[in-house]
Amino acid sequence: MRTDPDCIFCKIVSGDIPCFKLFEDSHTLAFMDINPANPGHVLAVPKEHWEDVYAIPDSLIAATAQTAKRIAEAANKALHPDGINLVQANGPGAAQSVFHFHLHVLPRVKDDALKLNWGPKPGDIGDIEASFEKIKAQLG
Ligand code: 5GP
Ligand code: ZN
């Protein structure tokens, strides 16, 4: 499998760094973002290391999108947000900070005035875990 020893998401995929893991299948993983822009912020990633939308094979972007859809449905039922954005960044100019392809599943609160480059701030672990438990319960 394609991997990068210096990549934080590869270390999450391998289990070397812990995460709140919501879902896993043979090609993808979904886990809570550690700096949530809003409650319930989740990342869906391919298990293989591909930098961005230009590099990732079609089959793996499709698999990652399917996982993001599954998470969005569960987060919608669990948290009843006002909306959900699927966001994906390519390159520093687009505020990509981790160069392992990922889709943000980003619940929205009406009038939260969230900018596309929201600027990561550490989340409260208890709050992240509470959102994790609610979404996980909807995933069955
Ligand atoms: P990007 O800025 O590349 O679009 O998104 C990267 C995301 O990865 C950010 O939202 C950031 O909070 C998240 N992130 C960075 N390091 C970690 C980590 O160690 N664990 C988790 N769960 N998320 C991380
Ligand atoms: Zn990686």
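A salt bridge here is a side-chain nitrogen of Lys or Arg within 4 Å of a carboxyl oxygen of Asp or Glu. By that rule, E24 forms one with K47, and the closest N and O atoms are 2.8 Å apart. The pair links distant parts of the chain: E24 is in strand 1 (residues 21–24), while K47 is in the loop between strand 3 (42–46) and helix 2 (58–79), 23 residues apart. When I say helix or strand, I mean DSSP runs numbered from the N terminus, with helices being H or I of at least four residues and strands being E of at least two.

Before I go on, the ground rules. This is a predicted model, in which local features need pLDDT of at least 70 and side-chain atom pairs count only at pLDDT 80 or more, whereas totals for chains, interfaces and linings use all residues. Residues are numbered from 1 along each chain as its sequence is written, chains are lettered from A and ligands numbered from 1 in the order in which they are written, and side-chain values use heavy atoms, with hydrogens and water left out.

Back to the charges. Side chains of opposite charge can pair when their charged atoms come close. The structure holds 5 salt bridges, and I will go through some of them. Through shared partners, K21, E24 and K47 are joined into one network.

How exposed or buried are the members? Buried means under 20% relative accessible area, exposed means over 50%, and partly exposed is in between, with a 1.4 Å probe and protein chains only. K21 is partly exposed at 36%, and E24 is also partly exposed, at 39%. K47, with a relative accessible area of 14%, is buried.

Another salt bridge has R108 and D112 as its partners, at 2.5 Å, N to O. R108 counts as partly exposed at 22%, and D112 is partly exposed at 23%.

Next, the ligand. Which residues are closest to ligand 1? There are 16 residues around it, and the closest are M32, D33, N35, S97 and H104. To count as near, a residue needs a heavy atom within 4 Å.

The polar contacts come next. A polar contact is a pair of N or O atoms within 3.5 Å; within protein, one must be able to donate a hydrogen and the other to accept it, and residues adjacent in sequence count only if both atoms are side-chain atoms. S97 places a polar side-chain atom 2.7 Å from an oxygen atom of ligand 1. A polar backbone atom of A95 is 3.0 Å from a ligand 1 oxygen, and a polar backbone atom of V98 is also 3.0 Å from a ligand 1 oxygen. Taken alone, ligand 1 exposes 520 Å², and the protein buries 87% of that. These areas come from the Shrake-Rupley method with a 1.4 Å probe; for residues, only the protein chains shown count as cover.

Helix 1 gives the largest share, 3 residues.

A95 sits in the loop between strand 4 (83–87) and strand 5 (103–108), and is partly exposed at 37%. D111 is another residue other than glycine with a positive phi, near 65 degrees. Its place is the loop between strand 5 and helix 3 (125–139), and at 70% D111 is exposed.

H41 is in the loop between strand 2 and strand 3. Is H41 buried or exposed? At 1% relative accessibility, H41 counts as buried. A polar atom of the H41 side chain lies 3.0 Å from the backbone nitrogen of A37.

E73 lies in helix 2 and is partly exposed, with a relative accessible area of 41%. Its C-alpha atom is separated by 24 Å from that of P18, 55 residues apart along the chain.
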